[in-house]
Amino acid sequence: MQRFSDILTRFLRLVTGVTMAAIVIMLFLGVVARYVFSSPFFWAEELAVLGFIVMSFFGAAILVNRDGNVRITILTDFLSPRANRFLTILSDVSCIVMMAIMVWCSYELKLSRDLSLTPALRISEAWAVWAMIIGFCSMLFYQVVTFIGNIREGTPPKKQGAAED
């Protein structure tokens with residue numbers, strides 16, 4: 001399972017990085033085309049929005065893998081290790097349920113967007129929703145791995161930024 005997790009993380013990082021670079025280049029060229037040549041790219045904004053959707057959901061999955069989400073620990077700092085472990089497991093289960101619901105809702109959204117086309121590019125709006133599905137499935141996978149680790153080993157939750165690449 002660790003090998004799959006590593007491959008998935010590399011894939012998400014690569015796609016997120018390439019998407020960010022493409023957005024920067026595309027928007028720069030769009031500004032130059034608009035203000036220097038008075039001929040804007042009609043598709044640049046729409047493609048940038050699609051890229052931001054990909055970056056948002058893939059980036060969120062990377063954060064779940066790193067355990068880099070914001071955590072308020074004022075309550076858990078005062079609990080016993082046993083109570084802290086219970087809350088960690090409860091939090092993991094809650095996240096797993098929520099991610100599973102979001103995968104299902106994203107799939108439902110994709111079905112409703114299959115025949116809708118974007119205004120400028122005239123491509124299916126379902127392409128943007130695929131980024132949501134892949135992102136939520138990745139988050140669900142990472143959360144299940146974390147949950148299994150917490151159950152088996154009783155490992156405490158990682159501190160923010162503790163995961164090294």
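Helix α2 covers residues 44–66. At 1.5 Å a residue, its 23 residues should span 33 Å, and the end C-alpha atoms lie 32 Å apart, which agrees. The expected span is 1.5 Å times one less than the number of residues. Helices are DSSP runs of H or I, at least four residues long, numbered from the N terminus.

This is a predicted model: local features need pLDDT of at least 70, side-chain atom pairs count only at pLDDT 80 or more, and totals for chains, interfaces and linings use all residues. Residues are numbered from 1 along each chain as its sequence is written, and side-chain values use heavy atoms, without hydrogens or water.

Buried residues (under 20% relative accessible area; exposed is over 50%, partly exposed in between; 1.4 Å probe, protein chains only) of α2 include Leu50, Val54, Phe57, Phe58 and Ile62. The buried residues of α2 pack against α1 (2–35), α3 (81–113) and α4 (126–153). Just after α2, Asp67 takes a positive phi of about 55°.

α1 and α4 pack at about 145°, with axes 11 Å apart. Axes are lines fitted to C-alpha atoms over the stretch in contact, and angles run from 0 to 180 degrees between N-to-C directions. In contact (heavy atoms within 4.5 Å), Phe4, Ser5, Leu8, Thr9 and Leu12 of α1 meet Ser138, Phe141 and Tyr142 of α4.

The whole structure has zero disulfides, a disulfide being a pair of cysteine sulfur atoms within 2.5 Å.

Technical notes. Helices (H or I, at least four residues) and strands (E, at least two) are DSSP runs, numbered from the N terminus.
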